[in-house]
Amino acid sequence: MIRPWSRRLLTLAIAMFCGLVDATVVSWLPGNWQSIRWAFPFVVLLAIFSTRERSLVAAIGGGFMLDLFLPSSLAFVTARFMLVAFIVHVLGARLVSNRSLIGIWTLVITAFLSDRSISFGIQVFMRQLGTNIIPEVHAVFWAELAWLFVVVTATFIVFAAFTRRFLPSVYTHRGRSEMSHTI
Amino acid sequence: MPRDRALIIVIATAIALLLLALAGFVGPVREFVRMVLLPFVRVTSSIGSSVGSVLRVRQDAVAARDRAEELDARLRAITVDYVRLRGLEEENRSLRAQAKFLNTSGFESLGARVISRAILYETAAVTVDRGARDGVEVGQAVLTDEGLLVGKITTLGERTSVVLLLSDIRSRIAARVAGTDRLTGIVEGRGNGTARYTLIPQSIPVKRDDVVVTAGTEEKVPGNLAIGLVNDVQSQQTDPFKTAAVELLAPLDRLELVSIMIPRTSTEEAVSSSL
């Protein structure tokens with residue numbers, strides 16, 4: 001059994017690796033291949049399907065690596081990812097179900113638009129301050145969104161097919177292990 | 001309410017991170033992590049450049065075919081053309097001057113590896129694995145190993161720095177036509193790997209295939225570094241200046257190794273401080 005701190009460290013390590021891959025491998029790819037990012041989908045996946053705490057840990061790990069090695073100056077990827085993770089998690093917990101495809105697609109669109117809006121807002125703000133910044137580059141809108149859809153939908157299908165995550169738990173008696181209800 | 005408290009904590013942390021980054025307080029942490037990770041980053045960036053070149057093969061084939069057709073047409077038009085001979089002559093002269101310059105000017109080149117890139121549309125910048133500790137300073141010129149100008153250093157860390165490439169829309173560099181002896185304009189980035197030579201006085205003759213080189217008026221950018229070839233001149237009699245499209249000579253979309261032009265004194269200081 002993995003202890004909570006080990007889980008956090010594992011999440012942090014995976015997120016940092018994803019950020020490193022984004023900064024030093026994906027940035028070399030031509031054109032819209034650059035939409036195949038790892039760190040942001042990882043944060044979004046955890047925000048949709050896991051706990052808020054783990055998604056924030058992933059946001060810090062992945063964002064920090066991108067802030068560190070991308071040429072873009074003052075992109076504040078860490079802070080941006082944290083805000084996106086929080087927004088998605090709050091939305092998933094209160095308004096939108098993460099147990100249906102329509103629900104997770106709504107969350108993905110929210111995450112994507114939040115990320116782009118915050119990024120754009122920071123750039124406008126820095127320009128107002130008179131700072132000449134190198135903006136973070138993004139592949140075209142539809143390519144990045146399509147990649148996020150693919151990742152999240154595939155994860156949803158895997159969960160639905162191979163886990164009990166989306167089955168209604170039936171349960172009940174103290175002392176017995178939890179069982180899913182099957183007809 | 002716990003959820004409200006969590007919201008406040010997240011927003012406060014994000015804002016605190018922003019403010020700390022703006023104030024430069026996270027710098028030492030960043031530099032430490034960079035130092036630890038730089039060996040891994042060199043490995044992953046080599047993997048990235050290899051994967052990138054494989055994926056570019058098809059694009060390269062299409063680009064090479066288009067380029068071949070264009071060159072073919074051009075070659076037919078100016079096979080024994082005086083202009084082309086003149087262009088090659090000027091280019092040759094420029095490269096000779098550059099080679100001579102490296103030996104006599106008090107600059108020397110410091111090799112650097114590209115570890116990360118941001119090249120898409122209007123943005124063209126790369127991170128290299130050399131920084132202030134190696135004697136690098138903001139504003140220094142960066143060249144390919146063939147001696148073609150790539151861009152200038154714009155952001156500096158202890159062990160890494162960011163090079164703004166010539167095609168970035170924020171890039172500006174003082175330039176002149178090889179063979180003339182004064183500043184005649186500015187080469188501005190136009191995005192997508194292109195650049196434009198602007199603010200050329202009408203009195204200065206500029207033709208297709210003229211070689212554009214650095215003017216040498218910027219403190220840390222020596223003169224006579226080859227930038228590109230004039231491709232298409234646009235001029236109206238009523239305008240005080242003319243402009244020209246410039247075909248950049250350096251392959252900006254596939255840089256892996258570059259050289260940073262640093263004054264000899266900076267290198268000596270960096271070496272002595274590291275000892």
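Visitor: Where is B:Asn224 placed in chain B?

Guide: Look in the loop that runs between β9 and β10 of chain B, and you will find B:Asn224 there. Keep in mind as we go that this is a predicted model.

Visitor: What is the phi of B:Asn224?

Guide: Let's begin with the general idea. Most residues other than glycine have a negative phi. B:Asn224 is not a glycine, yet its phi is positive, at about 65 degrees.

Visitor: Which loop holds B:Asp209, and what is its phi?

Guide: B:Asp209 belongs to the loop between β8 (194–201) and β9 (211–214) of chain B. Its phi is near 75 degrees, again a positive value in a residue other than glycine.

Visitor: Now the strands. How many bridges join β10 and β11 of chain B, and in which sense do they pair?

Guide: Strands of a sheet pair through backbone hydrogen bonds, and the pairing can be parallel or antiparallel. Here, β10 (residues 226–234) and β11 (residues 241–248) of chain B are antiparallel and share six bridges. To see one such pair, find B:Val230, whose bridge partner in β11(B) is B:Val246.

Visitor: What do β10 and β11 form together with other strands of chain B?

Guide: They take part in a closed barrel of six strands, and you can trace it in the order β6-β7-β8-β11-β10-β9 in chain B. The pairing around this barrel is antiparallel. On average, neighbouring strands of the sheet are turned by 45 degrees against each other, with direction ignored.

Visitor: In what order do the strands of the barrel with β1 run?

Guide: Follow β1-β2-β5-β4-β3-β12 in chain B, six strands that close into a barrel with antiparallel pairing.

Visitor: Which strands does β1(B) pair with, and over how many bridges?

Guide: Seven bridges link β1(B) to β12 (residues 257–263) of chain B, and these strands run antiparallel. One position to look at is B:Gly111, which has B:Ser259 as its bridge partner in β12(B). β1(B) is also joined to β2 (residues 123–128) of chain B by six bridges, again antiparallel. There, B:Val114 faces B:Val128 in β2(B).

Visitor: What lies between β1(B) and β2(B)?

Guide: Two residues separate these strands, which form a hairpin. In the turn, B:Tyr121 has a positive phi of about 55 degrees.

Visitor: Is β1 of chain B mostly covered or uncovered?

Guide: Mostly covered: of the 14 residues in β1 (residues 107–120) of chain B, 11 are buried.

Visitor: How are β4 and β5 of chain B joined?

Guide: Five bridges connect β4 (residues 149–156) to β5 (residues 161–165) of chain B, and the two run antiparallel. Look for B:Leu156, which stands opposite B:Ser161 in β5(B).

Visitor: Let's turn to chain A. How many helices and strands are there?

Guide: Chain A has six helices and zero strands. Of its 183 residues, 51% are buried. The accessible surface of chain A is about 9200 Å², and carbon and sulfur atoms account for 68% of that area.

Visitor: How far apart in sequence are residues that touch in chain A?

Guide: Take the contacts between residues at least 6 apart in sequence: 66% of them join residues at least 24 apart.

Visitor: Is A:Ser114 buried or exposed, and which residues does it contact?

Guide: A:Ser114, in helix α5 of chain A, is buried because its relative accessible area is 13%. Beyond its neighbours within four places in sequence, A:Ser114 contacts A:Val84 and A:Ile87.

Visitor: Which residues form the nonpolar patch on the surface?

Guide: The patch consists of A:Ile109, A:Leu113, A:Phe141 and A:Trp142, which together have about 420 Å² of accessible area. Helices α5 (101–128) and α6 (141–162) of chain A each give two or more residues to the nonpolar patch. A:Phe141, found in helix α6 of chain A, has a relative accessible area of 44%, so A:Phe141 is partly exposed.

Methods:
Residues numbered from 1 in each chain as written. Chains lettered and ligands numbered in written order. Predicted model: local features only at pLDDT ≥ 70, side-chain atom pairs only at ≥ 80, totals over all residues. Heavy atoms only, no water. Patch = residues over 30% accessible without salt bridge, like charges linked within 9 Å, V, L, I, M, F, W, Y side chains within 5 Å. Areas by Shrake-Rupley, 256 points an atom, 1.4 Å probe, with all protein chains shown as cover. Salt bridge = Lys/Arg side-chain N within 4 Å of Asp/Glu carboxyl O. Helix = DSSP H or I, 4+ residues; strand = E, 2+ residues; numbered from the N terminus. Buried < 20%, exposed > 50% of the residue type's maximum accessible area, 1.4 Å probe, protein only. Pairing = 2+ DSSP bridges. Contact = heavy atoms within 4.5 Å. Axes fitted to C-alpha atoms, helices over the stretch in contact; angles between N-to-C directions.
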